[in-house]
Amino acid sequence: MEAELLEQIFASYEGTRNELVPILQEVQENLGYLPEEVMQDIARFVGVPESHVYSVASFYAQFRTMPLGKKRVAVCRGTACHIRGAPQILHEIEETIHLKEGETSEDLEYTLETVACIGCCALAPCIRVNKDVAGEMTPEKAKKLFYGDGNDNGGDRAE
Ligand code: FES
């Protein structure tokens with residue numbers, strides 16, 4: 001499947017080193033991250049050493065070389081959320097799922113990230129779990145959400 005996808009992506013490029021970043025972006029858009037063997041194929045295609053592809057992928061924060069967790073937990077760190085306690089919520093979630101911001105759990109269950117604004121400032125502070133936004137969050141609610149509590153999508157939906 002990856003080979004097929006790469007073939008499709010490569011078909012719209014000429015295979016020059018200038019195309020490296022757009023190709024990485026397109027591959028990541030499709031796969032969610034940049035697997036090592038895929039980076040090797042990309043290196044061959046654009047004619048650069050594999051080490052160059054790895055260094056570009058690790059230099060830019062937009063690229064991920066590890067898969068994302070099944071549940072992508074995003075804590076909003078926008079102004080409205082920050083003022084209303086986002087740092088404490090982030091801290092509580094970090095403690096509860098044993099991850100730091102930017103990390104993915106080994107079992108690929110969770111990825112914890114922060115985002116600039118989820119777009120629901122009236123409900124601040126907010127978190128998002130995959131596509132579900134949970135507003136008016138508190139550290140206590142966050143703790144409960146990630147301990148299960150019969151709600152395995154990790155969030156109350158905001159309307
Ligand atoms: S600042 Fe958090 S939703 Fe806008």
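Axes here are lines fitted to C-alpha atoms, for helices over the stretch in contact, and angles run from 0 to 180 degrees between N-to-C directions. Helices (H or I, at least four residues) and strands (E, at least two) are DSSP runs, numbered from the N terminus. With these terms, helix H3 (residues 36-46) and helix H4 (residues 50-59) pack at an angle of about 120°, their axes being 8 Å apart. H3 is therefore oblique to H4, given that angles under 35 degrees count as roughly parallel, over 145 as roughly antiparallel, 65 to 115 as roughly perpendicular and the rest as oblique.

This is a predicted model, in which local features need pLDDT of at least 70 and side-chain atom pairs count only at pLDDT 80 or more, whereas totals for chains, interfaces and linings use all residues. Residues are numbered from 1 along each chain as its sequence is written.

**Overall layout**

The protein chain holds seven helices and four strands, and along the sequence these follow the pattern α-α-α-α-β-α-α-β-β-β-α. Its C-alpha atoms fill a box of roughly 50 × 30 × 25 Å, taken along the principal axes. The chain is divided into domain 1 (2-59) and domain 2 (71-146), with bounds that come from an automatic or database domain assignment. Between the C-alpha centres of the two domains the distance is 31 Å.

**The contact of H3 with H4**

H3 passes H4 in a right-handed crossing; a crossing is left-handed if the near helix is turned anticlockwise from the far one by less than a right angle, and right-handed if clockwise. From H3, the residues Met39, Gln40, Ile42 and Ala43 meet Glu50, His52, Val53, Tyr54 and Ala57 of H4, where contact requires C-beta atoms, placed from the backbone, to lie within 7 Å. The residues of this contact divide into six nonpolar, two polar and one charged, with Ala, Val, Leu, Ile, Met, Phe, Trp, Tyr, Cys and Pro counted as nonpolar, Asp, Glu, Lys and Arg as charged, and the others, Gly among them, as polar.

**The sheet**

An open sheet of four strands has the order S2-S1-S3-S4, with mixed pairing. Strand S2 (110-115) and strand S4 (132-134) stand at the edges, each with a single partner strand, so one side of each is left without a neighbour in the sheet. From one strand to the next, the twist averages 20°. Two strands pair if DSSP finds at least two bridges between them, and the pairs are set out below.

| Strand pair | Sense | Bridges |
|---|---|---|
| S1 and S2 | parallel | six bridges |
| S1 and S3 | antiparallel | three bridges |
| S3 and S4 | antiparallel | three bridges |

Particular partners can be named for these pairs: Cys76 has Val115 in S2 as its bridge partner, Ala74 stands opposite Arg128 in S3, and Val129 stands opposite Asp132 in S4.

**Helices H6 and H7**

Helix H6 (residues 86-97) lies across strand S1 (71-76), S2 and S3, and runs at about 155° to S1. H6 also packs with helix H7 (residues 139-146), at an angle of about 25° and with axes 9 Å apart. H6 is therefore roughly parallel to H7, and passes H7 in a right-handed crossing. On the H6 side, Gln88, Ile89, Glu92, Ile93, Thr96 and Ile97 meet Pro139, Ala142, Lys143 and Phe146 in H7. The residues of this contact divide into six nonpolar, two polar and two charged.

Definitions and conventions. Two residues are in contact if their C-beta atoms, placed from the backbone, lie within 7 Å.
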